[in-house]
Amino acid sequence: MTADKNKIIVAIDGYSSSGKSTMAKKLAADLGYRYIDSGAMYRAVTLFAMEHGMISESGSVDETALTDALRNIYIDFAVTPEGQHTMLNGVDVEHLIRSLEVSNHVSPVAAIHSVRQALTAQQQRFGAEKGIVMDGRDIGTTVFPNAEMKVFVTASPEKRARRRFIELQQNGTPSSYEDVLANVIERDHIDETRKESPLRKADDAVILDNSDMSLQQQEKWLMDLYNRITSEINGSNC
């Protein structure tokens, strides 16, 4: 398995509902790279835990049972007519993992050491040949600390909650803006304060505050950054 020297790894980290996935998918498509949604992987593990009775009504996670089950959890991505879908042990779970119920449980699951170890290993295998765009919480700090391009995306909680609320409405998922905002704020707190790979900007990441940016402006910003970085790399290799 040999990495293409002309391809790089793009790591896009940032807060929940900041638009990371949307911009990462578009950038990957424009570059002909593979897109990996690390957040979807944690959502898939969360769904597995929910379906197998590993999360109680109070929200506590049976870490021992989930850790034991990790060897039997395989996550991949498939291209469908609707776009890229998340596959959990061969089953398409794309719509199921986007529910507010999964959102309410994913941060505690993602904070578990064994879960992060297992998924980090899977993610690193995806990037072995480079030519990928991956978004998440710790891609530039833990999964690919040597990624050539690192971006940290942020926006106000209110802006992010509004985007998430609209997405849930479009998917036909019942929710209220107040519940979504509360979930965004809670996830921010858990992500920033967890002991295992907390959310933080990598020292060499470039900040993108997209609170007041259109999708077209974000796309141009990312492509301009990519072109600058690859030009510098190619120039240094001459």
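**Entry 1: aromatic pairs.** I worked with a predicted model. I searched the whole structure for aromatic pairs and got 4. I looked up Tyr-15 and Phe-152, among them: their ring centres are 5.8 Å apart and their planes stand at 80°, so I noted the pair as edge-to-face. I then looked up where the two residues lie. Tyr-15 is in the loop between β1 (9–14) and α1 (20–31), and Phe-152 is in strand β7 (residues 149–154), so this pair ties together parts 137 residues apart in sequence. I also looked up accessibility. Tyr-15 has 16% relative accessibility and counts as buried, and Phe-152 is buried with a relative accessible area of 7%.

**Entry 2: another pair.** I turned to Tyr-33 and Tyr-226, whose ring centres are 6.1 Å apart with planes at 85°, so this pair is edge-to-face. Tyr-33 sits in the loop between α1 and β2 (34–37), while Tyr-226 belongs to helix α9 (residues 215–236), so the parts tied together are 193 residues apart in sequence. I found both Tyr-33 and Tyr-226 buried.

**Entry 3: a charge over a ring.** I looked up Arg-162 and found its charged end over the ring of Tyr-177, 4.2 Å from the ring centre.

**Entry 4: Thr-46.** Is Thr-46 buried or exposed? I found a relative accessibility of 0% for Thr-46, so I wrote down buried. I placed Thr-46 in helix α2 (residues 38–51). Leaving out residues up to four places away in sequence, I listed Ile-55, Val-102, His-105, Val-106 and Val-109 as touched by Thr-46. I also looked up Arg-34, 12 residues from Thr-46 along the chain; their C-alpha atoms are separated by 24 Å.

Notes. Residues are numbered from 1 along each chain as its sequence is written. This is a predicted model: local features need pLDDT of at least 70, side-chain atom pairs count only at pLDDT 80 or more; totals for chains, interfaces and linings use all residues. Side-chain values use heavy atoms; hydrogens and water are left out. Rings of Phe, Tyr and Trp (its six-membered ring) pair if their centres lie within 6.5 Å; planes under 30 degrees apart count as stacked, over 60 as edge-to-face and the rest as tilted. Helices (H or I, at least four residues) and strands (E, at least two) are DSSP runs, numbered from the N terminus. Buried means under 20% relative accessible area, exposed over 50%, partly exposed in between (1.4 Å probe, protein chains only). A charge sits over a ring if NZ of Lys or CZ of Arg is within 6 Å of the ring centre and within 35 degrees of the ring normal. Contact means heavy atoms within 4.5 Å.
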